[in-house]
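Trainee: Could we go through this model together, one question at a time?
Mentor: Gladly, let us look at the sequence and the structure first.
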Amino acid sequence: MIKKILISVVFLVLLLGGGLYFYLDAIVKSGIEVVGSNLLGTAVTVDSVSISPLSGQGSISGLRVENPEGFDSQYAFELESVLVNINVNSVFTDVAEIESITIMQPVITYETKITTDNIRTLLNNLPDSDTAAQTSEGVDEAGQQLIIRDFRMMGSQLNFVAATVTAPLTLADIEIHNIGAEGGSASAANAVRVVLQELVQS
């Protein structure tokens, strides 16, 4: 009898654990796709997410950002491997704390036109803080803010595309610390803005 009870308890724990894994992965995947697409004004898709609900460590695979309308290349960003470390206790609070984001060997297509380029277009698509706070489309609907302690983009492959020239370029590694920490937190739009501005400067 006791053995049957122990087996039932173990089974229940495993079932709940599996549910937590699936639930957290689904939350992160949906959040990236829905919020990212709304913020950038173009499709953002993710192949898969695997994050431990206990440690908060995991990975995001196949994250792609399509180019804005008016550009020829299909994607602006293709991130096959993103390592993340999330403070799990903060996921359901007003301020989500991300200990680290490390993007390994992303493929970035920088496509320039006469008066603009795709990265600056994505930047211009981002709502300002006031607009994001007032939107009814769900971008900041829950009011959740972000703090990103450590952001790294390593080994980037940059494809430069112009009217008559296409060439691969070497992009220096990007490292940003404490995004949103100085003001207590940052909106998702402002966090993305910080990263894209650093990319443009690079």
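The questions below concern a predicted model and take up a loop residue, an aromatic pair and some strand pairings.

Trainee: Is S52 buried or exposed?
Mentor: S52 lies in the loop between β2 (48–51) and β3 (57–66), and its relative accessibility is 14%. Buried means under 20% relative accessible area, so the value for S52 leads us to call this residue buried.

Trainee: Which backbone nitrogen does the side chain of S52 reach?
Mentor: We stay in the loop between β2 and β3, where S52 lies. The side chain of S52 comes to 3.2 Å from a backbone nitrogen, and that nitrogen belongs to L54.

Trainee: How many residues apart in sequence are the parts that the pair of Y110 and F160 ties together?
Mentor: Y110 and F160 form a stacked aromatic pair, with 6.0 Å from centre to centre and 25° between the planes. Y110 belongs to strand β6 (residues 107–111), whereas F160 belongs to strand β8 (residues 157–161), so the pair ties together parts whose separation in sequence is 50 residues.

Trainee: Which residue in β6 is the bridge partner of F77?
Mentor: F77 is in β4, where it stands opposite V65, and β3 and β4 pair in the antiparallel sense over nine bridges. β4 is also joined to β6 by two bridges, and these strands run antiparallel. In β6, the bridge partner of F77 is I108.

Technical notes: Residues are numbered from 1 along each chain as its sequence is written. This is a predicted model: local features need pLDDT of at least 70, side-chain atom pairs count only at pLDDT 80 or more; totals for chains, interfaces and linings use all residues. Side-chain values use heavy atoms; hydrogens and water are left out. Helices (H or I, at least four residues) and strands (E, at least two) are DSSP runs, numbered from the N terminus. Buried means under 20% relative accessible area, exposed over 50%, partly exposed in between (1.4 Å probe, protein chains only). A polar contact is a pair of N or O atoms within 3.5 Å; within protein, one must be able to donate a hydrogen and the other to accept it, and residues adjacent in sequence count only if both atoms are side-chain atoms. Rings of Phe, Tyr and Trp (its six-membered ring) pair if their centres lie within 6.5 Å; planes under 30 degrees apart count as stacked, over 60 as edge-to-face and the rest as tilted. Two strands pair if DSSP finds at least two bridges between them.
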